[in-house]
Structure formats: C-alpha cells, structure tokens
Amino acid sequence: MTVLHNCDCHTFDEVVKQLMKAIGCSEDKGWELAWQVHNTGRAVVKVGPETECVRVGNILAAIGLVVTVTQS
C-alpha cells in the first residue's frame, strides 16, 4: 500500500492535483484524502500490487510529498 504523510510543505491545491495525477481520483476525493492527511497525519492512497503502489508513490514524491510504500 502507498501511504501519504503530512509534511506541511505543500498547499492543499498542490496535494489534490498530485493525487489526481497519481491515483486518477476526482478532485473531491483528492480533497478528502488531503484533509485526512492534514488531520490525522497520514492516509492510505493506494492498495494494490507493489509495482502499482511504487508508481503512485513516485508520482507523489516527484513534488516532494512524503510517502511510504509498505505491505498491508
């Protein structure tokens, strides 16, 4: 699974746009995930095969977001 962590270093708009790019979610879902990260410190943004989770993590990390990819 791919986990996005709170880093207080990006705007909500930046995070939402990158989530939309990484996981193909709607803008509303991106905002929901961004708020979850902001309020709880993290959110699981992808569960799936390792290669897909790594791909998502790399897209998020490309703008400096803090992500981890681990087995669920």
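Helices (H or I, at least four residues) and strands (E, at least two) are taken here as DSSP runs, numbered from the N terminus. The model is a predicted one, in which local features need pLDDT of at least 70 and side-chain atom pairs count only at pLDDT 80 or more, while totals for chains, interfaces and linings use all residues. Residues are numbered from 1 along each chain as its sequence is written, and side-chain values use heavy atoms, with hydrogens and water left out.

Buried in H1 are Val-15, Val-16, Gln-18, Leu-19 and Ala-22, where buried means under 20% relative accessible area, exposed over 50% and partly exposed in between (1.4 Å probe, protein chains only). Viewed down the axis of H1, these buried residues fall within an arc of 170°, so they line one face of the helix; the arc is that of the directions from the helix axis to the C-beta atoms. The face turned away from the buried side of H1 carries the exposed residues Lys-17 and Lys-21. Packing against the buried residues of H1 are E1, H2, E2 and helix H3 (50–61), with contact meaning heavy atoms within 4.5 Å. Just after H1 comes Gly-24, with a positive phi of about 70°.

Helix H2 (residues 27–40) has 14 residues and reaches 20 Å from its first C-alpha to its last, close to the 20 Å expected. Its buried residues are Gly-30, Leu-33, Ala-34 and Val-37. They fall within an arc of 100° seen down the axis of H2, so they line one face of the helix. Exposed Asp-28, Asn-39 and Thr-40 sit on the face turned away from that buried side. Gly-41 follows H2, and its phi is positive, near 95°.

Now to the open space. The largest pocket is lined by 14 residues, of which Asn-6, Asp-8, His-10, Val-15 and Val-37 lie nearest its centre. On a 1 Å grid over the protein atoms alone, a pocket is an open set of points where a 1.4 Å probe fits, with protein on both sides within 12 Å along at least five of seven lines, and lining residues have an atom within 4 Å of a point. E1, H1 and H2 each supply at least two residues of this lining, and the largest share, three residues, comes from H2.

How values were computed: Expected span 1.5 Å × (residues − 1).
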